[in-house]
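Thanks, everyone. I have one structure to walk through today, and I'll keep it quick. Here it is.

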Amino acid sequence: MEGQDEVSAREQHFHSQVRESTICFLLFAVLYIVSYFIITRYKRKSDEQEDEDAIVNRISLFLSTFTLAVSAGAVLLLPFSIISNEILLSFPQNYYIQWLNGSLIHGLWNLASLFSNLCLFVLMPFAFFFLESEGFAGLKRGIRARILETLVMLILLALLILGIVWVALALIDNDAASMESLYDLWDFYLPYLYSCISLMGCLLLLLCTPVGLSRMFTVMGQLLVKPTILEDLDEQIYIITLEEEAIQRRLNGLSSSVEHNITELEQELDNVKTLKTKLERRKKASAWERNLVYPAVMVLLLIETSISVLLVACNILCLLVDETAMPKGTRGPGIGNASLSAFGFVGAALEIILIFYLMVSSVVGFYSLRFFGNFIPKKDDTTMTKIIGNCVSILVLSSALPVMSRTLGITRFDLLGDFGRFNWLGNFYIVLSYNLLFAIMTTLCLVRKFTSAVREELFKALGLHKLHLSDTSRDSETTKPSANGHQKAL
C-alpha cells in the first residue's frame, strides 16, 4: 500500500508539473505573439534586406520580442497573483480552477525573475553587440565571425561588471565573508547584481511615475475631444482652410532652388493640416463625447492619482508604527487563505487598477523626460538599436513595478521568488525615504501641473516671462496652439 501511495503521489506530482508547464508556455506564447506585432509595427521597414545583416536583424528582433514578452509578464505578474488569490478564496473547491494554485503562482514568479535576469544580462547585450559587430580583422566575414566578436565582448562586459560590483562591495561592506561569497556566482553574485538593478529600476520609477501622473492629464487631453464652450468651429475651420490654401500657393510659387524655405513651408503646412484634422474631429464628435467623456476621464484620473497618494501616506504611517508593513517583513497567510484587502474583491480590483495606472504613468513619464525623449519609437521608422534600448528600459521598469507597488503599500501581496529577497527591502530608512519622496514629488508635480496657467499669467503681469523662469516647454497646452488655432490663456 505504501508503494502504491508513493507511485500515486509521484504521478500526481508529474501531472501537476506538466500542467503548470503547459499553462506557463501558453501564457508566454500569447505574450510573445502580441509583443512581436508591437515591435514589427514600429520597426523600420528599410532594415528588411536579404543578406547577412537581415539575419542579424532577424535574430535581434526575436531576442527583443522575447524581452518585451518577459516585460509584459512582469507587469501582469502581480495583478494575476492578486486576482488568483481572490478567486481561490471565492471558489476553494471548484473543479474548473484546480489548475490555479499556489505552486503555479510561485512558478510564475520564479520564471519571471529568471527570464528577467537572462534578458537583462545575456540576451539584450548579445543582441546589441551582435547588431553592431562586424567580425575581427583578419577573419573571414560572416555570421560566425560576428558571433565570435559578440561573445568576446560579452565576456569583457561580464568581467567589467564583476570588477565594478567587487569594488562597490568592498567599499560598502569590507568583510572577508562578503568577499568570499562573490565566488558563489549563482547563489550570491547574480541575485546581488539583480538586487542592485532592481534598486536602480525603483529609483527610475520614483523619477518617472510622478512626472507621468501629471503628464497623463495632458496626454488624455490630446487623445479626447474637449468640450466646445463659446466656440464657432465652422468659422475656425474656414480660417484654417484659407491659411492652408495660402501656404499651398506660396509653395507652388517658390522655385526648387530655395530648398530651405520649401522645407519650412512644408512643415508649416503639415501643422496646419493637423490642426484642421483636430477641428474636423471635434465637429464630428457627438455631444456626449464632447461634454461627458472628457470631464469623466479627467475626474477619473484625478481620483486614481489622489487614491495613490493617499495609500502612500497611509503606508508611511504604518511603517512608523508597524514592522510588518515592511516589504521584507513577516510572511502573509499564503495564496488562497485570506484576502489581502479589507474590502475583499472590490479592494483587490482597485489595487489592480492602480498598479496598471502606475505602470502606464511610469512609461509616459519615462518618455516625457528630456534625457529619454529620443527613445520614443516611431511607427515604421525605428531602428533595431533603438528598439533594443526601449526593450531594456521597459524591462527595468516592469521588473521594478511589483517591488515599487509593495514598497509604496499599493498592495499587501508578499513578493515571491527572488523579488522578495532584495536586501535593501529590509532597510527601514530606504523604504521610508522612498515613500516620502514619492508622495512629495507626486504632489509637487500635480501642483505644478494645475497652477501652470496661473504662474504664466503672473510672470507676464510682472514682466518676468522674458527670463524663462517657468519651464512649460514640455506641455503642448502652453507652447503650441490649441486645436482651435488660438494660444491658450487663463
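Start with Phe366. At 2% relative accessibility, Phe366 is buried, because the cut-off for that label is under 20%. Keep in mind that this is a predicted model.

What does the ring of Phe366 pair with? It pairs with Tyr367, with the ring centres 5.2 Å apart. The two planes stand at 80 degrees, so the pair is edge-to-face. Tyr367 counts as buried too, at 16% relative accessibility. That pair comes out of a search of the whole structure, which finds 11 aromatic pairs. Elsewhere, ring pairs tie Phe28, Tyr32, Phe66 and Phe115 together into a cluster.

Now the overall picture. The protein has 490 residues, and 41% of them count as buried. How many helices and how many strands? The secondary structure comes to 14 helices and 0 strands. Along the sequence, then, the pattern is α-α-α-α-α-α-α-α-α-α-α-α-α-α.

Contacts next. Take those between residues at least 6 apart in sequence: 78% of them join residues at least 24 apart. As for surface, the protein exposes about 27,500 Å². Carbon and sulfur atoms supply 65% of that area.

Confidence. The mean pLDDT of the protein is 76. Of its residues, 73% reach 70 or more. Which stretch stays under 50? That is residues 469-490. The model still has 49 contacts beyond four places in sequence for that stretch. Where pLDDT is low, the predicted coordinates should not be read in detail.

On to single residues. Two serines first.

Ser64 sits in helix α2, residues 52-90. Its relative accessible area is 0%, so Ser64 is buried. Where does the side chain of Ser64 reach? It reaches the backbone oxygen of Ser60, at 2.8 Å. Setting aside neighbours within four places in sequence, Ser64 contacts Ile39, Met124, Met384, Ile387, Ile388 and Cys391.

A polar atom of its side chain lies 2.9 Å from the backbone oxygen of Glu304. Not counting residues up to four places away, Ser308 touches Leu354, Leu358 and Ile410.

Now two loop residues. Thr382 is in the loop between α10, residues 345-368, and α11, residues 384-407. Is Thr382 buried or exposed? Buried, at 1% relative accessibility. The side chain of Thr382 reaches the backbone oxygen of Lys378 at 2.7 Å. Thr382 and Arg41 are 341 residues apart in sequence. In space, C-alpha to C-alpha, they are 9.3 Å apart.

Met326 is in another loop, between α9 and α10. It counts as buried at 11% relative accessibility. What is Met326 in contact with, beyond four places in sequence? The list is Leu319, Arg406, Leu425, Gly426, Asn427, Phe428 and Val431. Take Asn427 from that list. Met326 and Asn427 are 101 residues apart in sequence, and 8.5 Å apart from C-alpha to C-alpha.

Last topic: cysteines. A disulfide is a covalent bond between the sulfur atoms of two cysteines. How many disulfides does the structure hold? The count is 0. Look at Cys119 to see why a bond is ruled out there. The closest cysteine sulfur to that of Cys119 is in Cys391, and the gap is 9.3 Å. The cut-off is 2.5 Å, so that gap is too far for a bond. Cys119 is buried, at 0% relative accessibility. Cys208 is buried too, also at 0%.

To recap. This is a predicted model, with 14 helices and 0 strands. The pair of Phe366 and Tyr367 is edge-to-face. Ser64 and Thr382 each reach a backbone oxygen with the side chain, in Ser60 and in Lys378. The structure holds 0 disulfides. And for residues 469-490, remember that pLDDT stays under 50.

That's the tour. Over to you.

How values were computed
Residues numbered from 1 in each chain as written. Heavy atoms only, no water. Polar contact = N/O pair within 3.5 Å; in protein donor to acceptor, adjacent residues only side chain to side chain. Contact = heavy atoms within 4.5 Å. pLDDT = per-residue confidence, 0-100. Phe/Tyr/Trp six-rings, centres within 6.5 Å; stacked < 30°, edge-to-face > 60°. Buried < 20%, exposed > 50% of the residue type's maximum accessible area, 1.4 Å probe, protein only. Helix = DSSP H or I, 4+ residues; strand = E, 2+ residues; numbered from the N terminus. Areas by Shrake-Rupley, 256 points an atom, 1.4 Å probe, with all protein chains shown as cover.
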